[in-house]
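Please keep the sequence and the model at hand while reading.

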Amino acid sequence: MKNTFLILVTVVLLTSCASKSSFNSFYAEHKDECDLSISTPAFFANLFIPKDDVKEYKNLFKNVKHYKVMIFENENTSLDKQFDRFIKRKKYASIFKVNSNGDQIQLYFLENKNTIKEIVLKIKSDEDFVVLGLKTNISEDDFNKLMENSDLKLTGI
């Protein structure tokens, strides 16, 4: 009886640990530091996304399972460095970086077996730091088809 109980507890613990996304760990660690944080299932968030504005990305939004948004005002260098270490440690791949007038936009993804499991967008300006994490289940081929319109492709994965 004790062995059965121990095995059951071990399975539950391993399952709960395995289900947490990588971005979820950053979100949980810094949630109290941000000025606004939102974590919502995709079915609810998709109600507020204007369909006409994102027609070409409709298939991407269908494959998003969960959204997490963090907004930090008066961003400090320490948080930016922590985020960069997190991205490196969790082995996210960079899709693109854009720098314009001191503002930065970076898009990352985390892949497992030719399926993109997470997409993370970082937007940083002099005053604000915004991070958007999407838990997804989209194939690499489907993602490349979506990105053809913007000339972004995942190559060499």
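Are Asp80 and Lys124 buried or exposed? Asp80 is buried, and Lys124 is buried too; buried denotes under 20% relative accessible area, exposed over 50%, and partly exposed the range in between, with a 1.4 Å probe and protein chains only.

The model is predicted, so local features need pLDDT of at least 70 and side-chain atom pairs count only at pLDDT 80 or more, whereas totals for chains, interfaces and linings use all residues. Residues are numbered from 1 along each chain as its sequence is written, and side-chain values use heavy atoms, with hydrogens and water left out.

**Overall architecture**

The chain contains six helices and six strands, where helices (H or I, at least four residues) and strands (E, at least two) are DSSP runs numbered from the N terminus. Their order along the sequence is α-α-β-α-α-β-α-β-β-β-β-α. Of the 157 residues, 34% count as buried. Contact is defined as heavy atoms within 4.5 Å. Among contacts between residues at least 6 apart in sequence, 58% join residues at least 24 apart. The chain exposes about 10400 Å², and carbon and sulfur atoms supply 54% of that area; accessible areas come from the Shrake-Rupley method with a 1.4 Å probe, and for residues only the protein chains shown count as cover.

**Helix H5**

Helix H5 comprises 13 residues, 77-89, and at 1.5 Å a residue it should span 18 Å; its end C-alpha atoms are 18 Å apart, which agrees. The expected span is 1.5 Å times one less than the number of residues. The buried residues of H5 are Leu79, Asp80, Phe83, Phe86 and Ile87. They cover an arc of only 120° around the axis, which puts them on the same side of H5; the arc is that of the directions from the helix axis to the C-beta atoms. In general, an α-helix has 3.6 residues a turn, so residues three or four places apart point the same way.

The buried residues of H5 pack against helix H2 (22-30) and against strands E2 (64-73), E4 (103-112), E5 (115-124) and E6 (128-139). The face turned away from the buried side carries the exposed residues Thr77, Arg85, Lys88 and Arg89. H5 is followed by Lys91, whose phi is positive, near 65°.

The structure holds three salt bridges, each defined as a side-chain nitrogen of Lys or Arg within 4 Å of a carboxyl oxygen of Asp or Glu.

| Residue | Partner | Distance, N to O |
|---|---|---|
| Lys122 | Asp80 | 2.5 Å |
| Asp80 | Lys124 | 3.0 Å |
| Lys122 | Asp84 | 3.2 Å |

Lys122 lies in strand E5 and Asp84 in helix H5, so this pair ties together parts that are 38 residues apart in sequence. At 1% relative accessibility, Lys122 counts as buried, whereas Asp84 is partly exposed, with a relative accessible area of 33%. Through shared partners, the salt bridges join Asp80, Asp84, Lys122 and Lys124 into one network.

Thr115 is located in strand E5 and is buried, with a relative accessible area of 17%. Apart from neighbours within four places in sequence, Thr115 is in contact with Leu110, Asn137, Ile138 and Ser139. The C-alpha atoms of Thr115 and Phe143 are 9.2 Å apart, although the two residues are separated by 28 residues in sequence.

Ser37 belongs to strand E1 (residues 36-41) and is partly exposed, with a relative accessible area of 25%. Not counting residues up to four places away in sequence, Ser37 touches Tyr27, Lys31, Val69 and Met70. Ser37 and Leu132 are 95 residues apart in sequence, and their C-alpha atoms are 9.8 Å apart.

**A nonpolar surface patch**

Phe43, Phe44, Leu47 and Phe48 make a nonpolar surface patch of about 530 Å². Patches are made of residues with over 30% relative accessible area and no salt bridge, like charges being joined within 9 Å and nonpolar side chains (Val, Leu, Ile, Met, Phe, Trp, Tyr) within 5 Å. Phe43 is found in helix H3 (residues 42-45) and is exposed, with a relative accessible area of 65%.
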